[in-house]
Amino acid sequence: MIIGDVMRGEVGQGKKYGYDVQLTFRPTLIIKGSMKRDVTLYTSSQPPFDRFELGGTYAIFLYGSNEVSFCSMVLPFWVSISSREELEEYINRKDIEGVVNYKPLLDYVKP
């Protein structure tokens, strides 16, 4: 489980396992796991996978692989998050609808 930014993306025919989008994702906050550097993610350009934007920040639950599939939970953020404090501040915002649903993430981030 990581929060990070989409740094680069490439679309091509059948990149890996039929997925046609290859993303370079830079972790900014490791919630669970040990990723320290950029990671390559594979997904599809078809709905519901077409939710990634270049420069966007997302929490991604990878379930032990680098494939974003139907089983992967992806939560978008409107700002880059790099610390527990920033995550907590974001979750407590009243001007962004639905962020209260992100509150369980705090249970996994060390204080």
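Let me begin with a term: a residue is called buried if its relative accessible area is under 20%, exposed if that area is over 50%, and partly exposed in between, with a 1.4 Å probe and protein chains only. What we have here is a predicted model, in which local features need pLDDT of at least 70 and side-chain atom pairs count only at pLDDT 80 or more, while totals for chains, interfaces and linings use all residues. Residues are numbered from 1 along each chain as its sequence is written, and side-chain values use heavy atoms, with hydrogens and water left out.

I will start with the aromatic rings, where Phe, Tyr and Trp (by its six-membered ring) pair if their centres lie within 6.5 Å, with planes under 30 degrees apart counted as stacked, over 60 as edge-to-face and the rest as tilted. Searching the whole structure gives four aromatic pairs. One of them joins F52 to Y58, edge-to-face, at 5.0 Å centre to centre and 65° between the planes, and both F52 and Y58 are buried.

Another pair, F77 with Y90, is tilted, with 4.9 Å centre to centre and 50° between the planes. This pair links distant parts of the chain, since F77 lies in strand β5 (residues 74-77) and Y90 in helix α1, 13 residues apart; helices (H or I, at least four residues) and strands (E, at least two) are DSSP runs, numbered from the N terminus. Both F77 and Y90 are buried, and ring pairs link F77, Y90 and Y102 into a cluster.

That brings us to helix α1, residues 84-91, where Y90 is buried along with R84, L87 and I91. These four lie on the same side of α1, because they cover an arc of only 125° around the axis, taken from the directions from the helix axis to the C-beta atoms. On the face turned away from that buried side, α1 carries the exposed residues E85 and E89.
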